[in-house]
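This briefing looks at one residue and the sheet around it. The sequence and structure are shown first, followed by notes grouped by topic.

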Amino acid sequence: MILEKTEILEITCNGKSDEDIKKLSFAADVIRRGGTVCFPTETVYGLGANALDKAAVEDIFKAKGRPQDNPLIIHLDSLENADKYCKAKENAHLDAISCFFPGPITAVLEKKDNIPDVVTAKLKSVGVRVPVHPVANAFLKLCGVPVAAPSANISGRPSPTDAKHVIEDLFGKVDVIISAGRSEVGLESTIVSLVTTPPTLLRPGGISYEELCEKLGEVAVSNAVLSEMKPGDTASAPGMKYKHYAPKAAVFLVCGNFCDVVSFLSCKQKSENCAIIGFSEDKDQLCEKNFFDLGSINDPSEHAHRVFAHLRATDAIEGLDKVYVHITGDKSGINLAVFNRLLKASAYHIIDLTEEK
Ligand code: TXA
Ligand code: MG
């Protein structure tokens with residue numbers, strides 16, 4: 001840290017008022033002086049430092065307790081600046097998906113020498129993201145340097161979709177926390193590697209697999225998206241091999257016929273000290289205590305928006321043993337990203353009631 005204590009800066013006008021600009025300029029100055037700043041994006045909050053400053057980047061790893069071999073992505077105010085840090089211009093795949101920038105997507109490209117090894121964990125590629133969130137964009141413009149940033153949570157915990165989650169995890173460990181409400185998408189960006197042929201989906205997110213295929217034709221899907229990494233497997237997205245998104249209680253995913261799932265959950269509520277993360281439609285037949293509503297079963301964007309906050313909220317319940325999550329099993333669109341995060345949060349524990357019948 002370069003400041004004596006963590007400064008929390010409340011942004012109220014999307015970074016547009018004089019007061020907001022003053023606060024964001026202060027935060028950008030902290031970045032240029034080698035400090036750490038947590039900032040909002042449309043996916044989740046990020047924990048940023050100047051990507052060109054090795055010592056500042058090392059402070060990100062320390063604050064999060066993140067393993068050194070898990071690379072960081074860099075954040076820019078515009079895709080036009082990408083070519084300064086990686087081979088962007090000559091990558092035809094990037095051209096094909098440029099319509100998704102700015103937005104909830106990260107492109108993995110061949111890096112240039114000015115990006116220090118500490119950012120990419122010595123990989124020859126770097127992830128590049130241009131957030132569309134107005135506060136992130138205003139902040140990154142003021143920084144004038146690429147900002148390396150993982151999600152602003154302690155390693156292993158659910159990603160932060162609200163400044164209060166960042167404060168919970170990182171107050172006292174970072175210089176500045178920019179607070180600007182809840183993240184719209186709620187899940188981290190889609191990561192697509194453009195250094196492979198065909199391109200490879202490394203992590204599903206707000207830009208869906210179907211949308212990528214529309215622009216890129218064939219897209220491979222990394223084995224890390226839906227299956228468990230075994231010791232010795234090489235992950236194409238190194239972060240995928242670590243335990244992720246997990247609350248303290250054990251998480252179980254439950255799928256099957258709607259009525260069967262609801263009666264299963266109702267039995268569990270009566271017999272166990274558990275929490276339920278389910279759909280609005282489940283509520284009528286379940287007890288309200290320790291029930292967390294993902295929104296209507298037909299509204300997957302809302303599930304994405306709420307799921308991390310709910311996983312985190314279960315940690316506040318004393319003595320909880322288990323968390324059951326109602327899933328549909330649908331893997332289309334944003335559902336794939338929600339399913340991927342829940343698989344990891346549950347360590348691949350799925351109770352399939354159709355199989356049990
Ligand atoms: O939405 C997001 O992407 C958020 C916000 C803050 O921008 N950031 C984020 O960063 O989720 P992080 O570090 O929590 O996740 C980035 C993932 C990690 O799993 C990492 O292993 C992978 O991206 N990654 C980073 N650089 C890579 C590279 N060169 N090749 C393959 N995977 C990479
Ligand atoms: Mg993360």
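In this predicted model, Asp293 is in contact with Gly278, Phe279, Ser280, Lys283, Arg306 and His310, leaving aside its neighbours within four places in sequence. The residue belongs to strand E14, which covers residues 291-293.

**Surroundings of Asp293**
- Asp293 has a relative accessibility of 15% and counts as buried, because the cut-off for that class is under 20%.
- Its side chain makes a polar contact of 2.9 Å with the side chain of Ser280.
- The side chain of Lys283 is joined to that of Asp293 by a polar contact of 2.8 Å.

**The sheet**
- Strand E14 is part of an open sheet of five strands with parallel pairing, in the order E14-E13-E15-E12-E16.
- E14 and strand E16 (350-352) stand at the edges and have a single partner strand each, so one side of each lacks a neighbour in the sheet.
- From one strand to the next, the twist averages 20 degrees.
- E14 pairs in the parallel sense with strand E13 (residues 274-278) over three bridges.
- Opposite Phe292 in E14 stands Ile277.

**Helices packed on the sheet**
- Helix H8 (residues 258-271) packs on the sheet and touches strand E12 (250-255), E13, strand E15 (322-326) and E16.
- The direction of H8 makes about 165 degrees with that of E15.
- Helix H10 (residues 335-345) also packs on the sheet, touching E12, E15 and E16.
- The direction of H10 makes about 135 degrees with that of E12.

Terms used
Residues are numbered from 1 along each chain as its sequence is written. Chains are lettered from A and ligands numbered from 1 in the order in which they are written. This is a predicted model: local features need pLDDT of at least 70, side-chain atom pairs count only at pLDDT 80 or more; totals for chains, interfaces and linings use all residues. Side-chain values use heavy atoms; hydrogens and water are left out. Helices (H or I, at least four residues) and strands (E, at least two) are DSSP runs, numbered from the N terminus. Buried means under 20% relative accessible area, exposed over 50%, partly exposed in between (1.4 Å probe, protein chains only). A polar contact is a pair of N or O atoms within 3.5 Å; within protein, one must be able to donate a hydrogen and the other to accept it, and residues adjacent in sequence count only if both atoms are side-chain atoms. Contact means heavy atoms within 4.5 Å. Two strands pair if DSSP finds at least two bridges between them. Axes are lines fitted to C-alpha atoms, for helices over the stretch in contact, and angles run from 0 to 180 degrees between N-to-C directions.
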